[in-house]
Amino acid sequence: MKTYIGIDLGGTNVRVSLVQPDGTVVQTVKGPSHAHEGAEAVMNNIAAMIRQISGYEKVSGIGIAVPGPVMPDGSGMAMATNIPCLEKYPLRDTLQKEFNIPVILGNDADAAGLAEALAGAGKGKRTVVYVTMSTGIGGAIIFDGKLLPGAHGYSMEVGSMSVDGGRERVHLPGYGAIEDWASGTAVTRMGKDAMPDKDVKHAGIVFDLAQEGYEPAVKICDQVSTDLAVMFANLATTIDPDCFVLGGGMMKSADVFLPLVEEKFKDRVLPALKDIPFFNASLEEPGVVGAAMLPISHGL
């Protein structure tokens, strides 16, 4: 059986796993990413972790999920906010030269979406739209088992999608960008503003209060669910996927807001699109599994 190495590279930590084609994780090595020590330190660290994987020399490919958009030629990160030393760095070629094994890079949200499409909640579906809702909002389009990266590597940077042009800009270029008004960060911000008497440390507290019927939280939940419904309706009208697969930390509160999203979604799409299902992401380790699926999606 073929095996692959999946690398989930973050600004703080890195995980390196040996993964089978069905998504089974055989072995994992994890540790700090050393992002503050420079590109060479990061790469030396990754190489050392790969060598701790049993049988690494025999894998059919290495996939790396990175926290940012990938350059159009797939050689490195086009933008690396969390790991600035790796911006435009030849990450792929450096590892290929080190191990003489094909290396494929992918954005972390893209990789997680690929994992869910090939081995998770979207398995068996032809067109899967994956959306992760956490600190920010991002996602991936997977068609026939392959990612749609886009001409600039920015496909499904959906957080910038405007859902209400009448609202102010917060962080992203678009007026009323969905990430500025419906991400975990946004829900927390709005909760603190609307409920100064509550200790709103994260979005889950706002949703818990909404479930209890606390009016300011109910209003936030209603607006967030509307904004998300607009986003999903736009995606459905543009892509017509077989399903949506939803991941990220906000999904811990899905029982509070997702039924509202689905109801409002159906009110905003053509009749034929009303039956598009919303699935919860199902994999425990989508980062490393998705990274390992990158070379599989390239036929390796």
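Strands are DSSP runs of E at least two residues long, helices are runs of H or I of at least four, and both are numbered from the N terminus. This is a predicted model, so local features need pLDDT of at least 70, side-chain atom pairs count only at pLDDT 80 or more, and totals for chains, interfaces and linings use all residues. Residues are numbered from 1 along each chain as its sequence is written, and side-chain values use heavy atoms, leaving out hydrogens and water.

**Stop 1: the second largest pocket**

Select Val 70, Leu 105, Gly 106, Pro 149 and His 298: of the 20 residues lining the second largest pocket, these are the closest to its centre. (On a 1 Å grid over the protein atoms alone, a pocket is an open set of points where a 1.4 Å probe fits, with protein on both sides within 12 Å along at least five of seven lines; lining residues have an atom within 4 Å of a point.) Now colour β5 (103–107), which gives the largest share of this lining, five residues.

**Stop 2: the largest pocket**

Next, pick Pro 67, Asn 107, Asp 108, Ala 109 and Thr 132, the closest to the centre among the 48 residues that line the largest pocket.

**Stop 3: a group of Phe rings**

Select Phe 232, Phe 244, Phe 265 and Phe 278, which form one aromatic cluster. The structure holds seven aromatic pairs (ring centres of Phe, Tyr or Trp, using its six-membered ring, within 6.5 Å; planes under 30 degrees apart are stacked, over 60 edge-to-face, the rest tilted). Zoom in on Phe 244 and Phe 265, an edge-to-face pair at 6.0 Å centre to centre with 90° between the planes. The two sit 21 residues apart, in strand β9 and helix α8.

Is Phe 244 buried or exposed? Phe 244 counts as buried because its relative accessibility is 0% (buried is under 20% relative accessible area, exposed over 50%, partly exposed in between, with a 1.4 Å probe and protein chains only).

**Stop 4: charges over rings**

Last, show Arg 189, whose charged end sits over the ring of Trp 181, 4.9 Å from the centre. Lys 198 does this with Tyr 214, at 4.7 Å. (The NZ of Lys or CZ of Arg must be within 6 Å of the ring centre and within 35 degrees of the ring normal.)
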